[in-house]
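Subject: Handing over the model

Hi,

Here is the structure I promised to pass on to you. Please open it alongside this message, and my notes follow below.

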Amino acid sequence: MKHQPPPPPLPLSQPPSLGAAAAGGVASVISSSNNNNNSSSSGIEAVKCRPPIYPKPKTPSFDKDRDYIGFATLPEQVHRKSVKRGFEFTLMVVGESGLGKSTLINSLFLGDLYKNRQMPNVEERIEKTTKVEKKTMDIEERGVRLRLTVVDTPGFGDAINCEDSWRVCTQYIDEQFRQYFTDESGLNRRNIQDNRVHCCLYFVPPWGHSLRQMDLDLIRRLHRKVNIVLVIGKADCLNKQEVRKLKERILQDLEDNHIQLYQFPECDSDEDDDFKQQDRELKASIPFAVVGSNTILEVAGKKVRGRQYPWGVVNVEDPEHSDFIKLRTFLISTHMQDLKDTTQDVHYENFRAQCISQISQHALRERGKLKRDSISSTNGFDAAITETDRLLLQKDEEIRRMQDMLTQMQEKLKQTHLMEMKKNDSVIDV
């Protein structure tokens, strides 16, 4: 049998490609050699002497560009961090009973937030007061988590006297601002929970010709505290012409009373035409005339969300029947983040500036009060020691008078003595 020479070594310029199985085999060999120190296998020794040569990783395309720095991935980093942390949104719903507020909220977010709701009877509505109810729901869509908080105001506009119905709403919004300001000014600011109201859906009844005085009172007190979006509830009670006239009258009343609703941001110049057209349609739809429904109906072989009437079906998601799709697009798809930014940059900053001004004025008043108290306490101390000082001054005055009298007497004695001496000298001379 002829002696065969050993195979030539692999060239370093062309390293072998190692798959998952090969890499695992090398790793297992290395681990076994580490665990068994007395092993004399030549294969193990060979692996020890010459480590495996891995293929060179592919160079990314951007590495070839010398001007590339790497901060172009910042949006991706922010996106991953935001998705991991989740989002929060608080929606306040205000309006009298029977306008379809609960149905609309359930239709918007495809949930049931009012399972155990009980309608009050006539006796309870006589003395009905406005209160606040919070309902929280966690929603996840395509890996994005949203913590939705719906603040309902049952009893608003249901009592006979509705003069103070606005007070509960304004107090709740101010309390959330104050709580956020306190948490932001504290030591631990890492896990601040944002319960501020980012949007207020105010429902206007469709059977009125315009805004009522109760509506104007509330909107006038809230339009500088929260983003207000007007919604005409149960718009299926009106035809298209009536809806258009009602919207015009509502906008005219807002202009006459100098009330400013949520202002849509202007589109950037680089936006596409479809987005600009959508933004124009949303602006032209204010206030939104909506119809809500949680019932799935089958119309012409298609399942739609709508309401069944003897004369036909009202499709909630049909733009010809309702502004529901536009409201959902505005509130969730396009302007949710802008509502939060406006709350942070405008309404909360106004509240924060007022709080800081009040704190500064209070500090100045306290400083002036302390100064006055110190002066008054000094005056009181002076009054306490006045009697003793008066006695001491009297004694000093008496001593001074005695000294003066002694001095005068000494002067008189001295003058008398001099006169006697001169007299005696004159007698001797004679």
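A word on terms first: helices (H or I, at least four residues) and strands (E, at least two) are DSSP runs, numbered from the N terminus. Please keep in mind that this is a predicted model, in which local features need pLDDT of at least 70 and side-chain atom pairs count only at pLDDT 80 or more, while totals for chains, interfaces and linings use all residues. Residues are numbered from 1 along each chain as its sequence is written, and side-chain values use heavy atoms, with hydrogens and water left out.

The overall picture

The secondary structure of the chain comes to 11 helices and nine strands. Of the 430 residues in the chain, 30% are buried (buried means under 20% relative accessible area, exposed over 50%, and partly exposed in between, with a 1.4 Å probe and protein chains only). Taking the contacts in the chain with a separation of 6 or more, 69% are between residues 24 or more positions apart; contact here means heavy atoms within 4.5 Å.

Two helix pairs

Two packed helices are described by the angle between their axes and the distance between the axes. The axes are lines fitted to C-alpha atoms, for helices over the stretch in contact, and the angles run from 0 to 180 degrees between N-to-C directions. Angles under 35 degrees count as roughly parallel, over 145 as roughly antiparallel, 65 to 115 as roughly perpendicular and the rest as oblique. As for handedness, a crossing is left-handed if the near helix is turned anticlockwise from the far one by less than a right angle, and right-handed if clockwise.

On the α6 side the contact is made by W166, C169, T170 and I173, and on the α7 side by L218, R221 and L222. The residues of this α6 with α7 contact divide into five nonpolar, one polar and one charged (Ala, Val, Leu, Ile, Met, Phe, Trp, Tyr, Cys and Pro count as nonpolar, Asp, Glu, Lys and Arg as charged, and the others, Gly among them, as polar).

How do α9 and α10 cross? The axes of helix α9 (residues 273-284) and α10 come within 10 Å and cross at roughly 120 degrees, so the two helices are oblique to each other. α9 passes α10 in a left-handed crossing. F275, Q278 and L282 of α9 make the contact with K326, T329, F330 and T334 of α10. The residues of the α9 with α10 contact divide into three nonpolar, three polar and one charged.

Salt bridges

The structure holds 11 salt bridges, a salt bridge being a side-chain nitrogen of Lys or Arg within 4 Å of a carboxyl oxygen of Asp or Glu. One of them joins the side chains of K225 and D174, at 3.1 Å from N to O. K225 lies in the loop between α7 (213-222) and β5 (228-232) and D174 in helix α6 (residues 165-184), so this pair ties together parts that are 51 residues apart in sequence. K225 is partly exposed, at 26% relative accessible area, whereas D174 is buried, at 18%.

R220 also forms a salt bridge with D217, with the closest N and O atoms 3.3 Å apart. Both sit in helix α7, three residues apart, which separates them by about one helical turn. R220 counts as partly exposed at 34% relative accessibility, and D217 counts as partly exposed at 21%.

The side chains of E320 and K240 meet in a salt bridge too, at 3.0 Å from N to O. Here E320 lies in the loop between β9 (312-315) and α10 (324-334) and K240 in helix α8 (residues 240-256), so the pair ties together parts that are 80 residues apart in sequence. Both E320 and K240 are exposed. Finally, salt bridges that share partners join E96, R212 and D215 into one network.

Backbone details

A cis peptide bond joins I286 and P287, with omega about -10 degrees. P287 lies in the loop between α9 and β6 (288-289).

Where is K234? K234 is in the loop between β5 and α8; its phi is near 50 degrees, a positive value in a residue other than glycine. K234 counts as partly exposed, at 37% relative accessibility. H258, in the loop between α8 and α9, is another residue other than glycine with a positive phi, near 55 degrees. H258 is exposed, with a relative accessible area of 66%.

Best wishes
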